[in-house]
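Dear colleague,

Please find below the structure that I am handing over to you. My findings follow directly after it.

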2 protein chains.
Amino acid sequence: MVVWERPEPPERPVPAPLSRERLVRAAIKLADADGLDAVSLRKVAAALGVGPMRLYGYIATKEELLDLIIDTVYAEIRPAGDDWRQVLRSVAEATRRAVQQHEWLADLIGGRPHLGPNTLATGEAVQAAMTGVDLDVVVPAVAAVNAYVVGAVRREIAERRAERASGMDIKQFQAAHGPYLQRTFATGRFPALSRVVRDGPHLSADETFRIGLEFLLDGIQARISQCGS
Amino acid sequence: MVVWERPEPPERPVPAPLSRERLVRAAIKLADADGLDAVSLRKVAAALGVGPMRLYGYIATKEELLDLIIDTVYAEIRPAGDDWRQVLRSVAEATRRAVQQHEWLADLIGGRPHLGPNTLATGEAVQAAMTGVDLDVVVPAVAAVNAYVVGAVRREIAERRAERASGMDIKQFQAAHGPYLQRTFATGRFPALSRVVRDGPHLSADETFRIGLEFLLDGIQARISQCGS
DNA sequence: GTATAGATCGATACACTGTATAGCCACGAT
DNA sequence: ATCGTGGCTATACAGTGTATCGATCTATAC
């Protein structure tokens, strides 16, 4: 018995040769579009038109895939400038830009040691640009700026998500979580906080980031010039 | 037909009255012992001798449980000191201590808006202790210290885990990831980084944290005293 | 005391996850 | 032609958060 009209095998989106890079790009695309939760091995595989197990020919575990996408984004982060201050500031702002373009990075950054080639290249570029400053200052200074950036972008993204979740229009911090904070502040148990919310400055995310960064750089500068330039 | 020896129903650890607090305590215990991945609703429920669905009488979702355990730990974080500098430093170090006792907190901190009562109380205590300083400085200063602490403790815990994973004995950063970094550095593509690893200071986690924090506080201080005391 | 309404609770089920295992199938060597 | 062998994939497993629905227990109305 001959089946004259054999059903076509399910057309795979693209049978192009697979590669680690294509895998990573697909994962980043998914994460950019729908967040980190959307990056499951099954979905990445489906986006590439292959079975999930196929991926294990290129990665050993999902953690490795995450490390790879982190490192890929680090390729966009390069320092610029002449003196140490410009260098540190530029790398901080480049990191922030990268996180704004890839919000999921806020969930991963700082969470595990980043030792991929691009990350190391960024560190190398920073260190190379910092010659002339005492290593005893450079090492903790770079670490401090890194720490600050990690925490700052995490908070920034967390707030952005909260805003977005509370109906795109309401921009007020107090209204973000609805009546809860209203009631909480109405109890009078947090007078100092209430005063801050009422009388304090309403800084944009840009300003908050920049001001804190300058605080840190000022402190580092004081140490450098004190240490004999 | 009578079953004379009916098997005992599985003895439940404690049929005590359930409560949100007991639920949170069980979750923290699990997380402290086996990390955040061990906190599944099923395991928490089992630890309490209850079916998983029972928990939904006390929490609406797992995210809510996570918010609750974060806020519970924040009860341990209170500022101390007289001047603003002592206050900020103490709250930073208290946060770090809390994270060291609850490593899983490093995975969560800064990742979502923390608005629980204990967190707010911490913020209130900080703000209350900062009266006398211009609000235009206090707000970004507190934000900056917070950001720094979040990033610093994340890195610290990430490194601790990497050390632990690479066989408790090897303490050297370079040896942590085995031959990979050896080879990478041997390529000569990262001369500045190699120099740092070779000639740079080997700071303890305590020192790194403290030095960075003092950088930041110095920068804030400069701003305060410039702004007219 | 009985019946009914309502609340409470738990078993089951569903869709999904990362990954171990084992079978299949094509290809190269003997 | 036969026999590994190695890469690919279908299946399977143990686990996840949570929706649903039925059972059970309580409290109130008659």
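In this predicted model, 52 residues of chain B are in contact with 52 residues of chain A. On the side of chain B that touches chain A, at least two residues each are supplied by α6 (117-129), α7 (135-165), α9 (179-186), α10 (191-199) and α11 (205-226) of chain B. The largest share of that side, 19 residues, belongs to α7(B). Sorted by class, the side of chain B that touches chain A has 30 nonpolar, twelve polar and ten charged residues.

Chain A itself consists of domain 1 (20-60) and domain 2 (78-226). Between the C-alpha centres of these two domains of chain A there are 29 Å.

I then turned to the DNA. Around DNA strand C there are 13 residues, of which Ser40(A), Leu41(A), Lys62(A), Met53(B) and Arg54(B) come nearest. Helix α2 (residues 41-48) of chain A provides three residues, the largest share of the surface near DNA strand C. That surface is made up of five nonpolar, four polar and four charged residues.

DNA strand D also has 13 residues around it, and those that come nearest are Met53(A), Arg54(A), Ser40(B), Leu41(B) and Lys62(B). Here the largest share of the nearby surface, three residues, comes from helix α2 (residues 41-47) of chain B. The surface near DNA strand D comprises five nonpolar, four polar and four charged residues.

With kind regards

Key. Residues are numbered from 1 along each chain as its sequence is written. Chains are lettered from A and ligands numbered from 1 in the order in which they are written. This is a predicted model: local features need pLDDT of at least 70, side-chain atom pairs count only at pLDDT 80 or more; totals for chains, interfaces and linings use all residues. A residue is near a molecule or strand if its C-beta atom, placed from the backbone, lies within 6 Å of it. Helices (H or I, at least four residues) and strands (E, at least two) are DSSP runs, numbered from the N terminus. Ala, Val, Leu, Ile, Met, Phe, Trp, Tyr, Cys and Pro count as nonpolar, Asp, Glu, Lys and Arg as charged, and the others, Gly among them, as polar. Two residues are in contact if their C-beta atoms, placed from the backbone, lie within 7 Å. Domain bounds come from an automatic or database domain assignment.
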